[in-house]
Amino acid sequence: MEKRLEMHGGLLGGLVPLLVLISGLVWLSVAERGGTKPFWACAWIAIVAGLFFAKNKSEYCKAAMRGIGDSTGIVIVTAWLFAGVFGSLMAAGGLVKGLLWLGMTTGAQGAVFTLLVFVAAMLFSLGTGTSTGTCLALTPVLYPAGCFLGADPAMLALAILSGAAFGDNLAPISDTTIVSAFTQGATMRDVVRSRAPLALVAAAIASTAFAVFGGGGVARPLPEIQAQMDPSGAFMLVALIVVVIAALAGRHIIESLIYGNVAAAVIGMLTGNITPAAIFSIPAKRGDSTGIIQNGINGVVGAIIFAILILAVTQILVESGIMRRILDLAERFMARTVRQAELFIIGITVLASIPISANAPAELLVGPSLVRPLGEKFNLAPARRANLMDCAVCTVFFTLPWHIVVAAWYGAVVSSSATYGLEAPSVGIALYNPYSWALLAVIVFSAITGWNRRYAAGQV
């Protein structure tokens with residue numbers, strides 16, 4: 001938090017990079033053109049604009065470079081590379097068809113099927129680590145299947161979105177889990193173990209809502225959906241178990257992901273859903289993909305570059321003293337007790353996630369510079385700080401239509417509805433996302449009562 005940069009205009013001059021960044025993100029998001037790649041330009045312009053307010057241009061550039069070269073950022077980027085490939089292997093291995101088979105062969109209808117869809121989305125997002133990918137992969141098959149099996153269309157659609165939020169919140173390979181853990185200096189084992197009670201309680205509350213309000217339709221046969229079932233895809237869940245066990249055993253997240261990648265590739269080949277050539281081969285034409293590995297890495301490039309630019313902007317804000325001023329104000333007026341500090345962490349993280357269409361960058365913005373120093377002042381355990389922040393970015397974020405995952409989810413709902421002649425519900429149903437509101441209630445309850453709170457020195 002050492003102040004190294006002097007800015008023309010004092011506080012206002014130091015705020016220029018942040019104001020430019022947020023303005024650009026809000027503009028793109030409201031125009032429904034948000035995304036990690038479109039956001040590159042916003043961060044680039046923010047860094048450029050800030051340079052002209054720096055009294056020492058050389059130090060300004062060095063601050064940006066220190067942010068880009070931050071050791072925490074390097075770990076996050078590396079973890080994303082392996083997580084992206086893991087998610088691609090899981091999808092290629094037929095996980096969607098396996099989950100569809102698990103849901104359809106039970107004979108469930110109405111509200112019970114809606115509940116099973118929520119569970120299937122939870123498992124898929126845990127296995128792939130992507131909430132957007134979960135919505136895009138599951139909605140085209142599970143949404144029409146549920147509508148033809150008597151589920152309530154709105155609750156059915158929300159079951160997929162809620163399950164996606166659950167995995168984003170808890171999966172060891174999720175970008176938000178990785179960012180929250182490493183910005184707070186927490187081990188993945190401690191994060192997953194201590195976050196599980198929070199996420200599972202919220203999931204139990206959401207499950208009740210789906211079980212009570214998820215039915216009411218009329219069941220009809222749908223042979224086209226039946227034809228897409230494949231039980232062999234369910235075996236891909238074994239690879240997820242490998243990652244979780246390795247992480248809980250204290251293995252480094254990179255090591256855990258490598259084990260998971262190998263397990264997913266082997267299982268996919270044993271079931272016949274993946275061939276060695278699909279994983280890696282010389283393409284027929286120059287410029288074509290070499291296979292699943294390249295596709296998986298390509299899928300996270302946008303997030304990685306945006307994260308690097310965010311780290312640069314954040315470091316400039318830290319070294320210009322802006323984050324120190326915000327932290328001082330919080331400590332003076334809003335965070336004088338551990339309870340107030342935790343509520344402040346939740347609030348500032350939720351606020352950061354509202355204008356930004358991707359929630360991991362919101363964590364990068366507040367995690368190292370605000371959440372960590374404030375939490376350390378009150379001796380909160382690294383995993384506790386990570387959990388407060390990660391749970392917060394998985395609440396309101398999953399209810400607002402300009403966010404990437406909500407837009408992708410609703411687009412998939414509309415598309416699949418049109419394909420099968422169904423009437424799509426309004427995008428406004430996202431505001432009633434049961435898991436996100438349950439998670440917000442759980443994390444606020446935890447902060448107020450002290451349940452699940454842990455201190456760095458082992459106190460409770």
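Visitor: How many disulfides does a search of the whole structure find?
Guide: Zero disulfides turn up in the search, where a disulfide is a pair of cysteine sulfur atoms within 2.5 Å. Cys135 is in no disulfide, and its nearest cysteine sulfur, that of Cys394, is 12 Å away. Cys391 is in none either, with the sulfur of Cys394 as the nearest cysteine sulfur at 7.2 Å. Before we go on: this is a predicted model, where local features need pLDDT of at least 70 and side-chain atom pairs count only at pLDDT 80 or more, while totals for chains, interfaces and linings use all residues. Residues are numbered from 1 along each chain as its sequence is written, and side-chain values use heavy atoms, with hydrogens and water left out.

Visitor: Is Cys391 buried or exposed?
Guide: Cys391 is buried, at a relative accessible area of 0%. Buried means under 20% relative accessible area, exposed over 50%, and partly exposed in between, using a 1.4 Å probe and protein chains only. Cys135 is buried too, at 0% relative accessibility.

Visitor: Switching to charges, how many salt bridges does the structure hold?
Guide: There are eight salt bridges, each a side-chain nitrogen of Lys or Arg within 4 Å of a carboxyl oxygen of Asp or Glu. Glu342 forms one with Arg384, with the closest N and O atoms 2.8 Å apart. Glu342 sits in helix α17 (residues 338-353) and Arg384 in helix α19, so the pair ties together parts 42 residues apart in sequence. Helices here are DSSP runs (H or I, at least four residues), numbered from the N terminus.

Visitor: What else does Glu342 form a salt bridge with?
Guide: Glu342 also pairs with Arg453, the closest N and O atoms being 3.1 Å apart. That pair links distant parts of the chain, since Arg453 is in the segment after α21, 111 residues from Glu342. Both Glu342 and Arg453 are buried, and Arg384 is buried as well, at 2% relative accessibility.

Visitor: Which residues are linked in a network of salt bridges?
Guide: Glu59, Lys62, Arg66 and Glu319 are linked that way. Within it, Arg66 bridges to Glu59 with the closest N and O atoms 3.7 Å apart. Arg66 is partly exposed at 29% relative accessibility, and Glu59 is partly exposed at 23%.

Visitor: What about Ala54, which residues does it touch?
Guide: Not counting residues up to four places away in sequence, Ala54 touches Glu6, Met7, His8 and Tyr60. Ala54 is in the loop between α2 (38-51) and α3 (57-68) and is buried, with a relative accessible area of 0%. The C-alpha atoms of Ala54 and Ile316 are separated by 9.9 Å, although these residues are 262 apart along the chain.

Visitor: One last thing, what is the phi of Asn379?
Guide: Phi of Asn379 is near 60°, a positive value in a residue other than glycine. Asn379 lies in the loop between α18 and α19 (382-393). Asn452 also has a positive phi, about 70°, although it is not a glycine.

Note on methods
Helix = DSSP H or I, 4+ residues; strand = E, 2+ residues; numbered from the N terminus. Contact = heavy atoms within 4.5 Å.
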